[in-house]
Structures are given as structure tokens and as C-alpha cells.
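Open the model in your viewer and keep the selection panel at hand.

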Amino acid sequence: MYKNILFDMGNVIMDFSPDYILSNYTSDVKLINRLKDKIFFNPVWGKSDAGEATEDDVYAEVVKTLEEEYHDIIRRVVYGWYEHKTENEEIYSLMVRLKEKGYRLFLCSNAAESFYKYESGIKAFGLLDAKIVSADIKRVKPNADFFSYVLETYSLNPSECFFIDDLIANVKGAYDCGIDGYWYNGNAKLLSEFMERVGIL
């Protein structure tokens with residue numbers, strides 16, 4: 001039934017934990033939470049995923065919200081946070097199995113232009129037939145225009161696509177466009193068992 005498996009990136013193919021990332025820059029938990037609020041929860045962060053803001057824009061906006069003594073750590077986080085992302089080896093192994101079964105694999109990610117600074121270091125990306133990055137197409141999940149772009153650009157039948165994301169809103173957005181999906185909870189073993197039970201694997 002399915003021919004195409006669509007993967008989210010953050011907390012699926014790769015782990016994305018702002019708290020963990022920030023712990024590489026400071027051991028002060030209160031500062032970690034403050035930086036998380038000012039950087040990752042800042043509206044400009046979402047704008048970077050939408051292709052409406054650059055790293056320079058993010059830095060310029062965030063430094064307005066914190067004292068000068070924190071500007072250096074803000075700079076290091078904004079321009080280097082992705083150095084502390086880690087690949088999910090279990091998902092990589094699952095992707096290898098899916099590829100061997102003949103499925104086409106697609107990345108469908110809300111990600112900023114900085115994606116291209118770390119993509120070459122992620123071996124799972126070498127298995128992909130295409131990478132759809134929100135900053136490139138100026139459309140973000142869970143909006144229907146994101147999924148419409150994917151379906152139209154790659155001539156995909158939604159009934160032949162299966163989408164995996166850790167955010168229920170994104171899974172629902174895909175479903176509303178006719179794409180079945182799986183709400184990933186971080187347990188790759190459960191995902192594999194599900195795929196075996198429903199005949200994907």
C-alpha cells in the first residue's frame with residue numbers, strides 16, 4: 001500500500017533537546033532555562049524555520065532580550081547549537097531496512113538554513129531520496145501547504161505515503177492532507193514493531 005516513508009528530523013532522525021544543547025555551554029540550570037526561553041522560544045526562532053530570518057537575525061533579536069554579559073554565550077549557541085545534535089542510530093537502522101524493502105525515503109523537516117551546515121555529517125541523510133526543508137520552501141508543518149508542496153513536487157499519491165513525526169499537530173496536518181502517519185514517542189523499537197504489525201516491514 002505504501003511506497004513512500006516521510007520522516008521528520010528533530011527527535012526522530014536526530015535528537016533535538018534545547019536543554020541538553022545548552023548544557024554544553026553552561027551547567028547553571030537557571031541560566032539554561034533562561035536561555036531556552038530567550039532563544040528557542042523566541043518567535044524569531046520559528047521565523048528562521050520558515051525562511052524568514054537568518055542566523056544573524058536570530059542573534060540580533062535575542063541579544064536585545066538579555067544583558068551584555070550573556071551576548072557571547074548567545075552567539076555561540078545561535079551559531080553552533082547544531083554541533084551538539086546526535087543521530088538516532090535505531091532510526092537509522094530502521095531506515096536501512098525500509099530502503100532495502102524498496103521504499104522511497106523523504107525528509108520533511110521544519111529547519112532553518114543552518115541545516116546545510118550539518119547535513120553532511122548525518123549518515124541517515126544519505127539514504128534519502130529527497131530532503132524538504134521548510135526554510136527552503138517558505139512553508140512549515142503542520143500547514144497544509146507544506147504537505148501539498150511535497151506531494152506536488154515529487155508527484156506523490158498521499159495514499160501511498162506514510163509520515164513519522166514526534167509532534168501530534170504535524171501528524172494531524174499530514175492526515176488532513178490524506179497522508180497516514182505515526183506519532184513517534186521516541187521509542188524506535190515500538191515504531192519498528194508497529195511497522196511489522198501493519199505490514200510496512
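Select D165: at 0% relative accessibility it counts as buried (buried is under 20% relative accessible area, exposed over 50%, partly exposed in between; 1.4 Å probe, protein chains only). This is a predicted model, where local features need pLDDT of at least 70, side-chain atom pairs count only at pLDDT 80 or more, and totals for chains, interfaces and linings use all residues. Residues are numbered from 1 along each chain as its sequence is written, and side-chain values use heavy atoms, with hydrogens and water left out.

D165 forms a salt bridge with K141, the closest N and O atoms being 2.8 Å apart (a side-chain nitrogen of Lys or Arg within 4 Å of a carboxyl oxygen of Asp or Glu). K141 is buried too, at 5%.

Next, pick K172 and D176. Their salt bridge has its closest N and O atoms 2.9 Å apart. K172 is partly exposed at 46%; D176 is exposed at 52%.

Move to K123 and E87, whose side chains meet in a salt bridge (3.8 Å, N to O). K123 is partly exposed at 38%, while E87 is buried at 17%. The count comes to 16 salt bridges.

Which residues touch the most other members of the largest nonpolar core? Select I5, F7, I13, L98, I164 and M195, out of 55 residues. Such a core is a set of buried Ala, Val, Leu, Ile, Met, Phe, Trp, Tyr and Cys residues joined through side-chain atoms within 4.5 Å. Apart from it lies another core of 16 residues, including F147 and F163.
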